[in-house]
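Here is a short briefing on a protein model. Look over the sequence and the fold, then work through the points below.

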Amino acid sequence: MAQNDTVNEHGNQLETFSYDNNIVRLFTWATVLWGVVGFLVGLIIAIQLYAPAYIPWFDFGISWLSFGRLRPLHTNAVIFAFVGNAIFLGVYYSMQRLLKARMWNDILSKFHFWGWQLIIVSAAITFPLGLTQGKEYAELIWPIDVAIAVVWIAFGINMFMTLIKRREKHMYVAIWFYIASWVTVTVLHVVNSLSIPTSFTHSYPIYAGVQDALVQWWYGHNAVAFFLTTPFLGLMYYFLPKAAERPVYSYRLSILHFWSLIFLYIWAGPHHLLYTSLPEWAQSLGTVFSIMLIAPSWGGMINGLLTLRGAWDKVREEPILKFMVVAITAYGMATFEGPMLSIKSVNALSHYTDWTIAHVHVGALGWNGMLTFAVLYWIVPKLWNTKLYSRKLANMHFWISTIGILVYAIPIYWAGVTQGLMWKQFSPEGFLLYRNFLETVTHLVPMYFIRSIGGLLFLTGSFIMVWNLVKTAKQGHFTANETVKAAPLRDVGTDKPNHRWLEGKPVPFIIATLFVILVGGLFEIVPLQVIKSNVPTITSVKPYTPLELIGRDIYVAEGCYTCHSQLIRPFRSETERYGEYSKAGEFVYDFPFQWGSKRTGPDLHRVGGKYPHAWHYQHMYDPQSISPGSIMPRYPWLLDDNYDIEAVASKIKVMQTLNVPYPIDYHKAAKGDVEVQAQEIVNDLADSGITTNPDRKIIALIAYLQRLGTDIKTIESAGR
Amino acid sequence: MFKNIFSHISGIEIYPILTLIFFFTFFLAVLVMALRLDKKFVNYMGNLPLENDENEFTINTRDSYVKS
């Protein structure tokens, strides 16, 4: 409890209280641990990308180690486990000090910590088991989504009550970024996770096709914005002045930076869906706002870099500042590149290629990774009241990871541009020069190999950091509760209702933030919900048969969307390769949409009917035997495992709730229809000399793949 | 394409212009607010992260820039 024991020069009583360093310590080690795990899984899947052709045993033929399941584990581990814990460590450290108050409730702090770690562990278990919702960066199944909401709200309550109980009248810019992050992530998570369960581990989102795509990328883009960017800008505004021992270059610029950034970011989501079936109006809006985003982003970068004005001699000496400079520079590069990639003509080349992967890794390894390392090197000696064990090792880590980022990014940029150009190359006679998709893939394998060396370097650097931090902690002594004194909050007069007033009023500040981020969301999402019944209907598009539905859920569970798109853009190079471009009306029964964001393999939207059943059967068993040099992993378990036929009734029922026009009481008949359709496929396979059972997963998957894109094909052939 | 889809929402064409005007108004308002801030206050806030190492804060609240 606070006790009054001194007065300051204004005659105010001082209260003695303490900062909770224990929670910061917990989040610190969690950041370190999950960082290493996230990088390691990244390295494994980077090797898996070329392994099938060169080290075939590397996928072990085990379902839970396959690329499609591990890739979400990697992205989620890096975003929510590594970066997430880094955010919390920074927030819990800086908020207490900026507000001159202990976190409101220690139990809530602990609940937040252990709840978050439990969520991470359940992600690490469910993803390899193939339990997923199939929406990028929102793959976690619904019970975990609920847990995230609960823990997130606990964090919010703790944060806002600390704001109420603060001793410092005005909130520093870092706190605004924390507030905006919390508010926006809450809105995004709730809206994008709305789904109806069919069982404890499975659900269908309430949106389908185009609507689902817009909501998902409104979420996906802003997860980047409000999880990977704004909280880290808060950390930058606090830890950079700390490390440089000078105030931020311009506090006024930070005001402009903050409001413009949170206003503009929320609109930019549709730039992930250029040239797709999303209405052009929404696409243009995404492009315009993305380009405008350069201004506030660079405003923030300039504010960061100029904070070091007159201190560049320190940068030469101090590894922490070196990490920060690379982080802020990477932020500047990524936030310039992002808007460029949102220009339609650039996007036409870059989208679906490794260019996107290179872009996000400049952000994740450079901005998030390097800034987190800087904060860790700064905070561990502080918490343990000592000096860093070895500056030499920190310098070594800096160089290894910086070189690692370059060795990662350069070949992957190269791979992206190469493949993008190869896809579009026509011969003088007017035929696709690289008709076989595989030709464009085998070209990239050397680049994939070099990229994995970059990843290995980055991982090695992080091991050096772990050693250095552990040794630092061991040589110091930890203070769990840091005692301090400060005068209580007094309201000395009223400010005029300007920005200073706003900085002193947490509740109006939160409301203003919520308003600013909702405007963009409403402008974007509402029109598309209004037109829900108005996506141009294509009469030949019918709901999936129950067996196809089961097959589709297997497609989602195996993470096929991590390598295959289902969206043919309206370019000649794509319609020549894949067939008729994709129409909005074709996706009305797709819960969730599976457009994907990367083509490591070819687009599958019109794969239906392209190959015989036996081709798919053999291809899933051993892709290399059908396509020599292919880097697709094997899926032998699909040939042995059974699908759950009993689950189909509840799936159909949920589909009916979502207005999918199955006949009344169809859930009762669905099982019979599954058996009939499965038997037809089994018979067809038997004609090709393959003996299998109708209840195997492969049968359902073949049913789904053979259906893909055929609704439109039917019209075409009927028209002819 | 967008006209087909949005044809039933009257005046949809005005959306992009409206949003642009909306943003620039907002931007100018923030700019004016930032420029009108008191210099002492700006200095005080900018230095806020740097005070904390002393473990004793005798000049929090607004005393330092209001009364001094």
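At 17% relative accessibility, Glu15(A) falls in the buried class. This is a predicted model. Glu15(A) pairs with Arg167(A) in a salt bridge, and their closest N and O atoms are 2.6 Å apart.

**Salt bridges**

- Where do the two partners sit?
- Side chains of opposite charge can pair when their charged atoms come close.
- How many salt bridges are there over all chains? The count comes to 22.
- Another of them joins Lys651(A) to Asp553(A), with the closest N and O atoms 2.8 Å apart.
- Lys651(A) lies in helix α25 (residues 648-657) of chain A and Asp553(A) in helix α20 (residues 546-557), so this pair links parts that are 98 residues apart in sequence.
- Both Lys651(A) and Asp553(A) are buried.
- Asp695(A) forms a salt bridge with Arg696(A), and here the closest N and O atoms are 3.8 Å apart.
- Asp695(A) is partly exposed, with a relative accessible area of 31%.
- Which residues are linked in a network of salt bridges? They are Arg569(A), Glu574(A), Arg599(A) and Asp603(A).

**Cysteines**

- The disulfide count over all chains is zero.
- Cys560(A) is in no disulfide, and the nearest cysteine sulfur, that of Cys563(A), is 8.8 Å away.
- Buried or exposed? Cys560(A) is buried, at a relative accessible area of 15%.
- Cys563(A) is buried too, with a value of 13%.

**Nonpolar surface patch**

- Five residues make up a nonpolar patch on the surface: Tyr249(A), Trp298(A), Ile302(A), Leu306(A) and Phe336(A).
- Together they have about 420 Å² of accessible area.
- Which element gives the most to the patch? Helix α10 (residues 294-307) of chain A does, with three residues.
- Tyr249(A) sits in the loop between α7 (209-244) and α8 (251-265) of chain A.
- Tyr249(A) counts as partly exposed, at 37% relative accessibility.

**Around Trp312(A)**

- Trp312(A) is part of helix α11 (residues 312-317) of chain A.
- Its relative accessible area is 42%, so Trp312(A) is partly exposed.
- Setting aside residues up to four places away in sequence, Trp312(A) touches Leu305(A) and Val325(A).
- Lys322(A) is ten residues from Trp312(A) along the chain, and their C-alpha atoms are separated by 9.8 Å.

**Chain A as a whole**

- Chain A holds 28 helices and five strands.
- How compact is chain A? Its radius of gyration is 27 Å, close to the 27 Å that the globule rule gives for 720 residues, so chain A is as compact as a globular protein of that length.
- The C-alpha trace of chain A spans about 95 × 55 × 45 Å along its principal axes.
- Of its 720 residues, 66% count as buried.
- Take the contacts in chain A between residues at least 6 apart in sequence: 82% of them join residues at least 24 apart.
- Chain A exposes about 25,400 Å², and carbon and sulfur atoms supply 66% of that area.

**Chain B**

- Chain B has four helices and one strand.
- In what order do the elements of chain B run? From the N terminus on, the order is α-α-α-β-α.
- Chain B has 68 residues, and 38% of them are buried.
- Its accessible surface comes to about 3,900 Å², with 65% belonging to carbon and sulfur atoms.

Terms used. Residues numbered from 1 in each chain as written. Chains lettered and ligands numbered in written order. Predicted model: local features only at pLDDT ≥ 70, side-chain atom pairs only at ≥ 80, totals over all residues. Heavy atoms only, no water. Disulfide = S-S within 2.5 Å. Buried < 20%, exposed > 50% of the residue type's maximum accessible area, 1.4 Å probe, protein only. Patch = residues over 30% accessible without salt bridge, like charges linked within 9 Å, V, L, I, M, F, W, Y side chains within 5 Å. Areas by Shrake-Rupley, 256 points an atom, 1.4 Å probe, with all protein chains shown as cover. Salt bridge = Lys/Arg side-chain N within 4 Å of Asp/Glu carboxyl O. Helix = DSSP H or I, 4+ residues; strand = E, 2+ residues; numbered from the N terminus. Rg over C-alpha atoms; globule rule 2.2 N^0.38 Å. Contact = heavy atoms within 4.5 Å.
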